[in-house]
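Me: Could you help me learn to read a protein model? I would like to take one feature at a time.

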Amino acid sequence: MFYLPTLMSVLEVLSITVPVLLTVAFITIAERKTMASMQRRLGPNSVGWYGLLQAFADALKLLLKEYISPTQANMALFFLGPIITLIFSLLGYAVIPFGIGLMLLDYNLGILYILAVSSLSTYGILLAGWSANSKYAFLGSLRSTAQLISYELILSSAILLVVLLAGSLDITVIIEAQRGIWYIVPLFPIFIIFFIGSIAETNRAPFDLAEAESELVSGFMTEHSAVIFVFFFLAEYASIVLICILNSILFLGGYLLDFNFYIYPYIYIVQFIDFDGYINLTNYEGNFNIINLGNSSPILENIVSALVIGFKTCVMIFVFIWARASFPRIRYDQLMSYCWTVLLPIVVAFITFIPCLLYNLDIMPCNIPLF
């Protein structure tokens, strides 16, 4: 009985970690198939049905590969860098609510926790690039560190505006505050800026200057191969999934499914309200038809909530892939000047304007915890 709480904690962690790693595997397939379709190619289609097992074949190849280490590298830090990057990429999922109360860690400072954890993954990249004793890896780690620190300021500033509207750092409170309207509507320019910063924060094209193959071979992971390269690969795509979940939580309502759906030609508005088991069908003549679906169980509510946030995350991941296939890579000085001279002044202007607007309209949020 003494080991039961420990066993339950391990099972809870595995219930989050294993689906995330499987999602990463299938996202790589989705990216290759989507980019192949956009570039008029076939993409992977031989391993498994429709190429669905290609990621597992690639993982098996990397795991069975012979590992070659640089002779002049600092071996302890050389191995520690990818491990740190992967661990801190996965720690952010602990506070993500996949439904009402459906999370690993119910922490009232969840946004602050995600910002702290995501910033610590920079150390893994810096250690891996420096310890390899390679000019390409060192330049890639310096670029990546400067890029992550710069665009992290943009992300935290954009999140500050969402926190101002919600009045809380609790992720569940931020989601529930969007039952009236998703924050993408009043904060659409901030959403665009946050999305651009998300692409730069995850080292994705067109902001993948840290891994520029034409300049730095493969950036900070040039000397890494076999198993420890898998750590970097998993960390990158796990960060992409996490930042897309964060986009959907902050601006797209998270697990909420409150919306008005117009069905033509029946002229009906279907409104889902809090999963209370009722669907209200209202036509323009003012007639009301209430259909009772029965008392929905919490399990059904959690399944629906998880599917909703999963669908929104998939849409954001598709836009990530779309951006990679559409835009060319920019120069590094353009990347940094765009952050400091374009995005940062716009975000600072919004940080000044929105609180003034909320104060003048007397709609400043005030969330008082109930004990």
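This is a predicted model: local features need pLDDT of at least 70, side-chain atom pairs count only at pLDDT 80 or more; totals for chains, interfaces and linings use all residues.

Me: Is S89 buried or exposed?

Reply: Residues are numbered from 1 along each chain as its sequence is written, and side-chain values use heavy atoms, leaving out hydrogens and water. Buried means under 20% relative accessible area, exposed over 50%, and partly exposed in between (1.4 Å probe, protein chains only). S89 has 4% relative accessibility, so S89 counts as buried.

Me: Which residues is S89 in contact with, beyond its neighbours within four places in sequence?

Reply: Contact means heavy atoms within 4.5 Å. For S89 these residues are A235, A238, S239 and L242.

Me: And how do I read a pair of packed helices?

Reply: Two packed helices are described by the angle between their axes and the distance between the axes. Helices are DSSP runs (H or I, at least four residues), numbered from the N terminus. Axes are lines fitted to C-alpha atoms over the stretch in contact, with angles from 0 to 180 degrees between N-to-C directions. Here, α7 (residues 188-201) and α10 (residues 298-326) pack at about 65 degrees, their axes 11 Å apart. On the α7 side, the contact is made by F191, F195, S198 and I199, and on the α10 side by M316, V319, F320 and A323.

Me: Where is F311 found, and is F311 buried or exposed?

Reply: F311 lies in helix α10. With 59% relative accessibility, F311 counts as exposed. In sequence, F311 and I245 are 66 residues apart, and their C-alpha atoms are 9.9 Å apart in space.

Terms used: Helices (H or I, at least four residues) and strands (E, at least two) are DSSP runs, numbered from the N terminus.
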